[in-house]
Amino acid sequence: MDGVIKFFTDPANWSGNTGIPNRLFEHLYISGSSVLLAVILAVPIGLYIGHTNRGSSIAINLANIGRAIPSYAMIVIPLPLFFILAPILGFDPGFGLTFLPTFFAMTFLAIPPLLVQTYAGLRSVDRDLIEAGRGMGMSERQILSRVEVPLASSILVGGLRTATLQVIATATIGAILGGGGLGRLIFDGMLQGEAGYPALYAGAILVAALAIGVDLILAWVQRRLTPRALRAQREDSPSSPTSVVGGPDLATPVAGGAS
């Protein structure tokens with residue numbers, strides 16, 4: 001414990017490319033960019049299949065299969081391709097061995113919870129409300145944007161919350177290939193043996209603190225986006241599955257979905 005305290009109080013660990021602030025920025029950058037791309041890819045698909053229920057079986061099952069693939073495998077398998085693509089895209093070849101594999105793997109990791117929760121959120125909206133919207137002459141796009149998304153917003157944020165925490169915790173393995181982030185503290189400490197234990201523990205503490213901090217922020221956002229009536233209903237029934245994560249995390253699509 002004394003070694004960890006000395007590590008945090010050493011000014012040398014708070015400056016330079018290997019300092020804690022820079023490592024934290026690198027971790028936030030790789031995590032944030034990966035989640036952002038996953039949102040761009042997964043949320044539109046989730047909105048489409050959630051609204052129409054078309055192709056839901058295929059999309060949800062593919063997402064669940066993606067959850068079973070280890071993130072380390074997703075980093076290592078495409079390495080040769082990234083090494084070739086990096087110079088073509090104008091990047092240094094080393095970029096294809098450090099940033100791109102981790103970025104690809106973390107994006108792949110974030111897609112399933114975003115896709116499944118977006119679909120689950122829209123399917124949880126009362127069908128009578130949707131039919132009422134149609135009866136009022138609203139178009140399908142208006143029903144999606146004015147009825148379904150607002151009512152399912154807390155569940156959508158729940159998917160973002162799950163994806164973000166998974167990426168923050170898992171992005172540390174990018175250090176295996178020489179990538180940046182807080183994982184560098186952990187793996188560099190492992191390589192130094194007993195002398196590196198303070199850096200190792202400090203890295204683990206920082207990753208945990210970052211994950212907890214981001215989770216608290218997203219939990220607040222999720223609660224603020226939950227309609228008051230639904231919030232009161234969930235508080236009255238704390239054992240409800242939706243009161244824990246903001247919505248059902250469906251492993252399989254709703255029965256009767258078109259494929």
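**Entry 1: aromatic pairs.** I took two rings of Phe, Tyr or Trp as a pair if their centres lie within 6.5 Å, and I called planes under 30 degrees apart stacked, those over 60 edge-to-face and the rest tilted. The model I examined is a predicted one.

I looked up F25 and Y29 to begin with. Their ring centres are 6.2 Å apart and their planes stand at 25°, so I recorded the pair as stacked. I then located both residues in helix α2, which spans residues 20–52. F25 and Y29 are four residues apart there, about one turn of the helix.

I next checked the accessibility of these two residues. F25 has a relative accessibility of 53% and therefore counts as exposed. Y29, at 48%, counts as partly exposed.

Entry 2: Is F99 buried or exposed? I found a relative accessibility of 19% for F99, which counts as buried because the limit for that class is under 20%.

I also noted which residues the ring pairs join into a cluster: F25, Y29, F99 and F103.

**Entry 3: S33.** I turned to S33, which is placed in helix α2. A polar atom of the S33 side chain lies 3.2 Å from the backbone oxygen of I30. I then set aside the neighbours of S33 within four places in sequence and found S33 in contact with F99 and F103. Both of these residues also belong to the ring cluster recorded above.

**Entry 4: the nonpolar patch.** I looked for nonpolar residues grouped on the surface. The patch I recorded is formed by L81, F83, I84, L85, I88, L89, F91 and L97. Together these residues have about 750 Å² of accessible area. Which helix gives the most to the nonpolar patch? I found that it is helix α5 (residues 79–88), with five residues.

F91 is located in the loop between α5 and α6. Its relative accessibility is 40%, so I listed F91 as partly exposed.

Note on methods: Residues numbered from 1 in each chain as written. Predicted model: local features only at pLDDT ≥ 70, side-chain atom pairs only at ≥ 80, totals over all residues. Heavy atoms only, no water. Phe/Tyr/Trp six-rings, centres within 6.5 Å; stacked < 30°, edge-to-face > 60°. Helix = DSSP H or I, 4+ residues; strand = E, 2+ residues; numbered from the N terminus. Buried < 20%, exposed > 50% of the residue type's maximum accessible area, 1.4 Å probe, protein only. Polar contact = N/O pair within 3.5 Å; in protein donor to acceptor, adjacent residues only side chain to side chain. Contact = heavy atoms within 4.5 Å. Patch = residues over 30% accessible without salt bridge, like charges linked within 9 Å, V, L, I, M, F, W, Y side chains within 5 Å. Areas by Shrake-Rupley, 256 points an atom, 1.4 Å probe, with all protein chains shown as cover. Salt bridge = Lys/Arg side-chain N within 4 Å of Asp/Glu carboxyl O.
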